[in-house]
Amino acid sequence: MEAVSGLEGDLEELRETFRSGKTKEATWRRSQLQALLSLLREREGEILEALKQDIGKHPVESYRDEIGTVIKSVNYALGGLKQWMSSKKAKLPIVAFPTIAELVPEPLGLVLIISSWNFPFDITLVHITFGAVFGSWICGGFEDQEQKRN
């Protein structure tokens, strides 16, 4: 029960940050993506070693399938962020003339990502990348096959 109450506090903190409007800002989203890139670069050796120990992946395979795909996705997201955040004109029926309408992308809230244990970086961090692009706070977890069996 103690773990659940700790999670509830963390979840409320995430909700407060979202309600503050901070996640709507392009600077916040860009900083989250750049922090993810920094984490991957700084901890690359540790990540490769963990993948080798945990699931027996060769470092080249780990970089190709895990770290490299996330780095590519983050760089893609950084390049498209401004365009994805910009409003787009919407078509209206002639009856609404002379009004105009825009579709304005807005973050909707928190996102829960539950990932498979055997592809922890590729599946999880790519989804976290695009959650950050769209201004959502991420709550993540890994499904543990050992716990599932018990």
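# Rings, salt bridges and burial in a predicted chain

User: What links Tyr 76, Trp 84, Phe 130 and Phe 134 into a cluster?

Analyst: Ring pairs join these four residues, Tyr 76, Trp 84, Phe 130 and Phe 134, into one cluster. The model is a predicted one, in which local features need pLDDT of at least 70 and side-chain atom pairs count only at pLDDT 80 or more, while totals for chains, interfaces and linings use all residues. Residues are numbered from 1 along each chain as its sequence is written, and side-chain values use heavy atoms, with hydrogens and water left out.

User: What makes two rings a pair, and what decides the name of the pair?

Analyst: Rings of Phe, Tyr and Trp (for Trp, the six-membered ring) pair if their centres lie within 6.5 Å; planes under 30 degrees apart are stacked, over 60 edge-to-face, and the rest tilted. Three aromatic pairs are found in the whole structure.

User: Why is the pair of Trp 84 and Phe 130 called tilted?

Analyst: The ring centres of Trp 84 and Phe 130 are 6.1 Å apart and their planes stand at 50°, so this pair is tilted. Trp 84 belongs to helix 4 (residues 59-85) and Phe 130 to helix 5 (residues 122-133), so the pair ties together parts 46 residues apart in sequence.

User: What makes a stretch of the chain a helix or a strand, and how are these numbered?

Analyst: Both are DSSP runs, numbered from the N terminus: helices are H or I with at least four residues, strands are E with at least two. The chain has six helices and four strands, in the order α-α-α-α-β-β-β-α-β-α from the N terminus.

User: Why are Trp 84 and Phe 130 counted as partly exposed?

Analyst: Buried means under 20% relative accessible area and exposed over 50%, with partly exposed in between (1.4 Å probe, protein chains only). Trp 84 has 23% relative accessibility, so Trp 84 is partly exposed. Phe 130, at 25%, is therefore also partly exposed.

User: How many residues does the chain have, and what share counts as buried?

Analyst: The chain has 150 residues, and 29% of them count as buried. Within helix 2, the buried residues are Trp 28, Arg 29, Leu 33, Leu 36, Leu 37 and Leu 40.

User: How do you know that the length of helix 2 agrees with its number of residues?

Analyst: The expected span of a helix is 1.5 Å times one less than its number of residues. Helix 2 (residues 26-42) has 17 residues and should span 24 Å; its end C-alpha atoms are 24 Å apart, so the two agree.

User: What makes a pair of side chains a salt bridge?

Analyst: A side-chain nitrogen of Lys or Arg has to be within 4 Å of a carboxyl oxygen of Asp or Glu. The structure holds seven salt bridges. In one of them, Glu 106 and Lys 24 have their closest N and O atoms 3.2 Å apart. This pair links distant parts of the chain, 82 residues apart: Glu 106 is in the loop between strand 2 and strand 3 (110-116), and Lys 24 is in the loop between helix 1 (2-19) and helix 2. Glu 106 is partly exposed at 42% relative accessible area, and Lys 24 is partly exposed at 45%.

User: Why is Lys 57 called buried?

Analyst: Lys 57 has 8% relative accessibility, so Lys 57 counts as buried. Its side chain meets that of Asp 65 in a salt bridge of 3.8 Å, N to O. Lys 57, Arg 64, Asp 65 and Glu 66 are linked in a network of salt bridges.

User: Which residues is Ala 90 in contact with, leaving aside neighbours within four places in sequence?

Analyst: Contact means heavy atoms within 4.5 Å. Ala 90, found in strand 1 (residues 88-90), is in contact with Ala 101, Glu 102 and Leu 103.

User: Where is the cis peptide bond that has an omega of about 10°?

Analyst: The cis bond joins Phe 97 and Pro 98. Pro 98 lies in the loop between strand 1 and strand 2 (101-103). Most peptide bonds are trans.

User: What is the mean pLDDT of the chain?

Analyst: pLDDT is the predictor's confidence in each residue, from 0 to 100. The mean for the chain is 82, and 84% of its residues reach 70 or more. Over residues 142-150 the pLDDT is below 50, and this stretch has ten contacts in the model beyond near neighbours in sequence. Where pLDDT is low, the predicted coordinates should not be read in detail.
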